[in-house]
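Please keep the sequence and the 3D view at hand while reading.

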Amino acid sequence: MSASSRTLVAMSGGVDSSVAALLLKQQGHDIVGAYMKNWINEDNVIGHCPWMQDIEDARAVCDRLGIEFRVVNLMQDYRERVVSYLLDGYKRGLTPNPDIMCNREIKFGVFRQWARDHGFDAVATGHYARRTELADGQFALIEGADKNKDQSYFLTLLNQAQLADARFPIGHIPKPDLRRLAAEAGLPTAAKKDSQGICFIGEVKMQDFLRQYVPDQPGPILRATDGREVGRHPGLHYYTIGQRKGIGVPSNTDNQAYVVVGKRADDNALLVAFDAADAPGLFQTEVRVHSLQWNASPVTSVQRLEGRVRYRDPRVAIEFIPEGGNTALVRFEEPQRGLASGQILAIHDGERLLGGGVYI
């Protein structure tokens, strides 16, 4: 990236994006910091939505660096592209991923377009991921060097055009070193704790968020092995495959705990079983994915690759079998636990993330 290019840095108010701006400034790039105002909790969802503090923290970092700071209001786009996707998915019994969708539709979607419309050539974020240019002029998306913090999974559905405009200045830095750089530069966010909430909504529990927007629809909790009713649930949207905590049904069996193994829409039943290798529906050796998105050349033939079934899980060996129509069959070398419809499979060639798809 030439120093003459203009880069808009997405400033969340956290230490990662703060150091992303710091490094670009030290490298001599022409940068402006911008906070994406996506959500202000107008509906008073239970939880902490610290958007005002985040704006002030981001502004303070920009003041420290001596760069311009802007607030970009994307609230309507966020509701239409992320919140609607999230709520519609849960209403249909799926387990959507708002963070991945936020990156595709907001950060590298409407925010990227806003940047282009205002004379910027690139958008930089504080993701722990790396981007390299290949000999053919295309760009590859590589895992972050700090494997404990790698966030490439959340960029699974970006396309090549979005990747071309993306910059990940901190992808090569271990987290402890990043905090040290922030402290040495006197950044006010150096010791600020990392956020754990829904993408740009804040410290809001998903159940509290869903309770505000999706009506409860109580139904039976059935034991998958024999169909016996063992309890009642307030709504299938509060549960996902593989969930152990919060089911609300004691097993009454020593050293055994129930786990969610299915959600049945026709009779609104939540299916549970004892958490074991033979629990019906808990482990899968193959899965189909749809809505495949590639940031590299599409995989159109049967290949041995790797997949990451969810964030924080290690890459696992897969056989990728294209079926046409942007769908594929994926066979796992080892059975995988708790794969829920609507979640995202990231497809890898080693450290390089090629793209991904949605579990059917």
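In which loop is Asn-255 found? Asn-255 sits in the loop between β9 (229-233) and β10 (258-264). The structure is a predicted model, and the points below go from the whole protein to individual residues.

**The protein as a whole**

- The protein contains seven helices and 17 strands.
- For 360 residues, a compact globule would have a radius of gyration near 21 Å, and the value for this protein is 22 Å, which agrees.
- Along the principal axes, the C-alpha atoms fill a box of roughly 65 × 50 × 35 Å.
- Of the 360 residues, 53% are buried.
- Among contacts with a separation of 6 or more, 64% are made by residues 24 or more positions apart.

**Surface and charge**

- The accessible surface of the protein amounts to about 16000 Å². Carbon and sulfur atoms account for 46% of this surface.
- There are 42 positive and 44 negative side chains. The centres of these two sets lie 2 Å apart.

**Helix α1**

- Helix α1 covers residues 15-26, which makes twelve residues. From its first C-alpha to its last, α1 reaches 16 Å, close to the 16 Å expected at 1.5 Å a residue.
- Helix α1 is mostly covered, with ten of its twelve residues buried.
- After α1 comes Gly-28, which has a positive phi, near 90°.

- Asn-255 has a phi near 60°, a positive value in a residue other than glycine.
- Is Asn-255 buried or exposed? Its relative accessibility is 83%, so Asn-255 counts as exposed, the cut-off being over 50%.
- Asn-268 also has a positive phi, near 55°, and is likewise a residue other than glycine. The loop that holds Asn-268 lies between β10 and β11 (269-274).
- Asn-268 has a relative accessible area of 12%, and because buried means under 20%, Asn-268 is buried.

**Lys-175 in helix α6**

- Lys-175 belongs to helix α6. Its relative accessibility is 9%, so Lys-175 counts as buried.
- Which residues are in contact with Lys-175, leaving aside its neighbours within four places in sequence? They are Val-15, Asp-16, Tyr-128, Asp-146, Lys-149 and Asp-194.
- Lys-175 and Asp-136 are 39 residues apart along the chain, and their C-alpha atoms are separated by 32 Å.

**Cys-102 in helix α4**

- Cys-102 is part of helix α4, which runs over residues 98-117.
- The relative accessible area of Cys-102 is 0%, so this residue is buried.
- From C-alpha to C-alpha, Cys-102 and Arg-288 are 23 Å apart in space, while 186 residues separate them in sequence.

Definitions and conventions: Residues numbered from 1 in each chain as written. Predicted model: local features only at pLDDT ≥ 70, side-chain atom pairs only at ≥ 80, totals over all residues. Heavy atoms only, no water. Helix = DSSP H or I, 4+ residues; strand = E, 2+ residues; numbered from the N terminus. Expected span 1.5 Å × (residues − 1). Buried < 20%, exposed > 50% of the residue type's maximum accessible area, 1.4 Å probe, protein only. Rg over C-alpha atoms; globule rule 2.2 N^0.38 Å. Contact = heavy atoms within 4.5 Å. Areas by Shrake-Rupley, 256 points an atom, 1.4 Å probe, with all protein chains shown as cover. Lys, Arg positive; Asp, Glu negative; His and termini not counted. Charge placed at Lys NZ, Arg CZ, Asp CG, Glu CD.
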